[in-house]
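Hi,

Here is the model we talked about. Have a look, and then read my notes below.

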Amino acid sequence: MNYQTDFDSILRWIGSLCRSYEVIAPKKETNGDIFYSVIESSDEVCLDFSGTPINTPKDFIYENYKTLLRWDLAGDKAVIEAPEEEPKKRIIFLRNCDIKAIRLLDGWFEKDIADEDYKKLRENLILVTIGCHTIGPFCFCSTFGVDPIEKENYTLQLIKTETGYILQAKDPGLTLPQRLEAVSYRPKELKTEILDLGCSNNIADFEQNAQIYDEITKRCQLCDGCTFLCPTCTCYDIADHGDETKGERVRLWDSCLFSSFTKMAKGYDPEPTFAHAWSRRLSCKLVMSDRSCIGCGRCDMTCPAGIGMKSILMLTQHKERK
Amino acid sequence: MNRQKIIPAVIKQIEHPGTYVKIFTLLPKEPVFFVPGQFLMVSVFPEGEAAFTPCSCIKEDGSFEIAVNLVGRLTSTLHRMKTGDTVGIRGGYGNGFSIKKAINSSGIVIIAGGIGMAPLRFFIQELLQYDKRPPLTIIYSANKASKFLFLQDFERWQQQENLDIFLAALEVDTQEWKGHIGRSTDMIEKLKKIDENASFFVCGPPPMFPHVLEKLKQFPVNEKNIFFTLERNMRCGIGKCGHCYMGDIRLCVDGPVLSVSDIKKYHLAVFRETEPFMSRYRK
């Protein structure tokens with residue numbers, strides 16, 4: 001069903017949701033940047049922005065510095081246990097590309113041996129799509145078949161129009177805003193730039209693409225902005241904080257570009273050069289069967305050297321055409 | 001059974017047979033389950049976790065052994081630990097050696113290099129449980145005679161029928177050395193009656209792999225029946241953390257035991273002459 005509504009009633013609705021759920025939605029910081037944040041009062045919510053917020057939904061479902069376990073080995077008792085937390089019921093308002101990212105994370109954490117904590121968090125999370133009304137400067141999601149306004153696969157979708165907001169609902173299991181007017185609505189055709197993925201089929205081969213890899217490895221500053229801001233990057237490291245008798249083990253985000261990522265004891269490194277590392281990253285994002293780039297453009301937004309995924313795809317396209 | 005849960009395990013006994021190797025007998029507080037070739041994640045607080053392969057079957061009291069080579073930060077802390085100290089274990093993870101495949105083959109050849117004997121000793125122990133098993137050949141090499149592990153086991157195994165043992169040391173630095181002098185590849189040449197249904201299980205340092213494979217190709221072998229145990233730095237053991245990637249596979253769930261045909265299928269860079277050292281920064 002499609003409904004016409006206005007911003008005030010949406011805010012009142014979010015306010016009422018805040019009473020029974022933890023609501024996560026885009027929020028405008030004082031400097032104008034948009035971040036997904038936990039909403040305390042509904043007037044913080046910002047739905048009128050282009051592109052994606054700076055941070056990603058993985059901040060909330062796959063958090064950095066998560067305590068995995070605590071140990072207390074003093075005396076005879078030897079306790080090693082994981083902290084048990086009852087997951088909160090949460091609603092997250094997010095862009096369609098980020099929803100695709102969450103679906104990819106679902107697949108990743110559920111395959112082989114499932115991550116139980118992730119499963120619990122995910123079962124208590126309701127996704128609400130915020131359809132795009134304009135295209136952001138770095139967006140290229142249509143390349144990967146993501147629509148800025150979702151056509152089918154949503155339970156609730158909010159779209160800004162010239163006259164107010166459209167709310168599309170498919171069995172959401174939530175109470176809806178009070179002032180709603182059923183309307184017929186066809187979303188306007190919105191597409192981002194579509195890049196040719198065919199050019200990047202052999203991008204993981206750094207010997208054949210020496211020129212591109214020279215450019216990338218020369219420019220990359222190893223800041224890891226691209227991996228930390230990638231909504232589908234899931235590599236992590238495990239570190240212990242404490243001493244022999246008492247302490248905790250935490251999970252930290254890691255990056256396949258870090259120099260010690262594959263390093264083994266005695267200093268062996270099966271992936272010895274920077275080009276090996278970049279080849280892994282590009283293969284994971286663009287080539288592998290479950291390739292995980294969704295075209296949100298955050299890596300392009302953050303990269304100080306201008307080598308996000310979009311730039312790299314454009315580079316391969318440019319090379320192909322020459 | 002939750003295989004992700006860390007179980008406290010007490011160090012029951014420590015043997016120190018070689019200069020750099022200690023064998024720890026661990027007694028977990030809850031039962032664990034693993035097959036030969038699978039690995040366990042052993043937590044040494046507060047150094048973190050590392051993957052070790054059990055080198056013995058689970059004994060009646062629930063204890064088992066791991067062989068630990070002194071190579072880095074975690075293993076040096078582990079080497080300093082004493083009987084009665086507690087570590088954490090979880091697992092077993094990964095694909096182990098296929099006992100069914102070995103038993104149904106026409107002959108089993110086990111090729112171990114150095115510390116690589118550890119997982120294969122467990123495998124041999126399991127194979128010897130079977131009354132009807134194909135002929136078993138064990139080739140075990142190390143660069144020094146003093147580095148051989150489990151020699152008392154070999155003396156016992158020598159009594160068994162249908163079992164040949166070739167021990168090869170490159171350098172003899174002990175008085176009582178009774179084995180051959182040379183490399184494992186020299187011993188492979190001595191193999192007899194190898195047909196394409198024979199199965200091979202190799203574990204050792206990666207630079208040994210290309211030479212072993214080259215020698216094995218002299219025989220009419222099937223690449224599907226040659227298994228190598230590969231290694232990578234593993235952090236989570238459950239295929240989520242990404243550290244043990246090799247090409248498109250994750251070694252902790254798709255390995256660590258892989259057949260040569262699988263290694264070729266996934267285009268893995270396994271058969272390299274030398275294992276590269278870290279030189280990644282800005283290169």
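H5(A) and H7(A) are roughly perpendicular to each other, because angles of 65 to 115 degrees count as that and this pair packs at about 105°. Their axes are 10 Å apart. Bear in mind that this is a predicted model. H5(A) covers residues 210–219, and its Tyr213(A), Ile216(A) and Thr217(A) meet Phe274(A), Ala275(A) and Trp278(A) of H7(A). Sorted by class, that helix contact has five nonpolar residues, one polar and no charged ones.

Next, the two chains. How many residues does each chain put into the contact? Chain A brings 39 and chain B brings 36. On the chain A side, strand S4 (66–72), strand S11 (236–242) and helix H7 (274–287) each supply at least two residues. S11(A) gives the most, with six residues. By class, the chain A side that touches chain B has 21 nonpolar, seven polar and eleven charged residues.

Is Val42(B) buried or exposed? It is buried, because 25 other C-beta atoms lie within 10 Å and the cut-off for buried is 20 or more. Leaving aside neighbours within four places in sequence, Val42(B) is in contact with Glu49(B), Ala50(B), Phe52(B), Ile66(B), Val87(B) and Ile89(B). As for Ile249(B), 207 residues away along the chain, its C-alpha atom is separated from that of Val42(B) by 23 Å.

Cheers

Technical notes: Residues numbered from 1 in each chain as written. Chains lettered and ligands numbered in written order. Predicted model: local features only at pLDDT ≥ 70, side-chain atom pairs only at ≥ 80, totals over all residues. Buried ≥ 20, exposed ≤ 12 C-beta atoms within 10 Å, placed from the backbone. Contact = placed C-beta atoms within 7 Å. Helix = DSSP H or I, 4+ residues; strand = E, 2+ residues; numbered from the N terminus. Nonpolar A, V, L, I, M, F, W, Y, C, P; charged D, E, K, R; others polar. Axes fitted to C-alpha atoms, helices over the stretch in contact; angles between N-to-C directions. Parallel < 35°, antiparallel > 145°, perpendicular 65-115°, else oblique.
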